[in-house]
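Please look over the following model.

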Amino acid sequence: MRLVRYQAASGPQSGALVGGVLHPLPEPTAEVPIGDPFGSPESLLVPVLPSTVFGVASRVDAEGEVLPPATFLKAVGSVAGPGDAIPLPAGIGLVEAAAELAVVVGAPMWQADPELVLTRVLGYTIALDVTARDEQRRDPLCTAAKSRRGFTPLGPWIETRFDATDAAITLRRNGDRVATGSTADLVRSIPETLSHLSTLVELAKGDVVLTGAPGTISPIEPGDSLVAEIDGIGALTSRVVRT
């Protein structure tokens, strides 16, 4: 099932796409859709409004041993939806976008067992983790580097039935395929990542976890059109603009 948020005449609404047909929902949920179907939404919005966005970066030591992942926060104000702009101010320097699988939490997680953690997941969506590299070198907390407006596009929907074990990820820039990878290339599995994160902080319903880029990174600049694709979910489009 694909859970969406869309723009209706009365304002933003939640729904479920079932066989390409939209069913209204009272709120984002993985339960059976209710409401009469009425076709396809004209304008999709960001599929979830998280209270917290977590990022994860894999780490290995000089001998190749896997270390606990580095974790960071992205401001919720950086979240954008399908087709929204990624604004880059003049003089920002090198900026890169990473196509990643994002996990949407469906129930609270605290010290979750890796064997059971996926039962607390609502579903999965596509993310672009945008980073201003020059700012990152100047600010170890990465606020200016990762939390600017539009630096976390999410979408186009939440896929509730998805196997994250070995899903191909592709990043296209202006129509050209510039990076490919798979969730199987991540240093830690999705359950391991979520379990580790839940030992640091209790994850709440609606939180979003960016699971890392398996080599799916590209520099970006104003005028670019970006498409992040994950097999089994779909494609997220974004455009880069100068501000």
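## The largest pocket

The largest pocket holds about 280 Å³ of space. A pocket here is an open set of points on a 1 Å grid over the protein atoms alone, where a 1.4 Å probe fits, with protein on both sides within 12 Å along at least five of seven lines. Grid points are joined across faces, edges and corners, and the volume is the space filled by probe spheres set on them. The largest pocket is lined by 20 residues, and the closest to its centre are Val56, Ala57, Glu100, Asp129 and Ala213. Lining residues have an atom within 4 Å of a point.

This is a predicted model: local features need pLDDT of at least 70, side-chain atom pairs count only at pLDDT 80 or more, and totals for chains, interfaces and linings use all residues. Residues are numbered from 1 along each chain as its sequence is written, and side-chain values use heavy atoms, with hydrogens and water left out.

Which elements each supply at least two residues of the lining? They are strand E5 (53-60), strand E6 (66-74), E9, E10 and helix H1 (133-138). Helices (H or I, at least four residues) and strands (E, at least two) are DSSP runs, numbered from the N terminus. The lining divides into 10 nonpolar, five polar and five charged residues. Ala, Val, Leu, Ile, Met, Phe, Trp, Tyr, Cys and Pro count as nonpolar, Asp, Glu, Lys and Arg as charged, and the others, Gly among them, as polar.

## Salt bridges

Side chains of opposite charge can pair when their charged atoms come close. The structure holds 10 salt bridges. The criterion is a side-chain nitrogen of Lys or Arg within 4 Å of a carboxyl oxygen of Asp or Glu. The table lists three of them.

| Salt bridge | Closest N and O atoms |
|---|---|
| Arg133 and Glu96 | 2.7 Å |
| Glu135 and Arg148 | 3.1 Å |
| Glu221 and Arg173 | 4.0 Å |

Take the salt bridge of Arg133 with Glu96. Arg133 lies in helix H1 and Glu96 in strand E9, so the pair ties together parts that are 37 residues apart in sequence. Both Arg133 and Glu96 are buried. Buried means under 20% relative accessible area, exposed over 50%, and partly exposed in between (1.4 Å probe, protein chains only).

Glu135 pairs with Arg148. This pair links distant parts of the chain: Glu135 sits in helix H1, and Arg148 in the loop between helix H2 (143-146) and E11, 13 residues apart. Glu135 is buried, at 16% relative accessibility. Arg148 is partly exposed, at 25%.

Glu221 pairs with Arg173. Glu221 is in the loop between strand E15 (217-220) and strand E16 (225-230), Arg173 is in strand E12, and 48 residues separate them. Glu221 is partly exposed, with a relative accessible area of 45%.

Salt bridges also link Lys74, Asp129 and Lys146 in a network. Asp129 is also among the residues closest to the centre of the largest pocket.

## The aromatic pair

The structure holds one aromatic pair. Tyr124 and Phe162 form this pair, which is tilted, at 5.3 Å centre to centre and 55 degrees between the planes. Rings of Phe, Tyr and Trp (its six-membered ring) pair if their centres lie within 6.5 Å; planes under 30 degrees apart count as stacked, over 60 as edge-to-face and the rest as tilted. Tyr124 lies in strand E10 and Phe162 in the loop between strand E11 (152-159) and strand E12 (168-173), so the pair ties together parts that are 38 residues apart in sequence. Tyr124 is buried, at 6% relative accessible area. Phe162 is buried too, at 15%.

## Backbone details

Most residues other than glycine have a negative phi, and most peptide bonds are trans. The peptide bond from Gly155 to Pro156 is cis, with omega near 0 degrees. Pro156 is in strand E11.

Cys142 is not a glycine, yet its phi is positive, near 65 degrees. Cys142 lies in the loop between H1 and H2 and is buried, at 12% relative accessibility. Asn174 has a positive phi of about 55 degrees. Asn174 lies in the loop between E12 and strand E13 (176-182) and is partly exposed, at 42%.

## Pro114

Pro114 is found in the loop between strand E9 (95-105) and strand E10 (121-132). At 38% relative accessibility, Pro114 is partly exposed. Pro114 touches Pro191 and Ser195, not counting residues up to four places away in sequence. Contact means heavy atoms within 4.5 Å.
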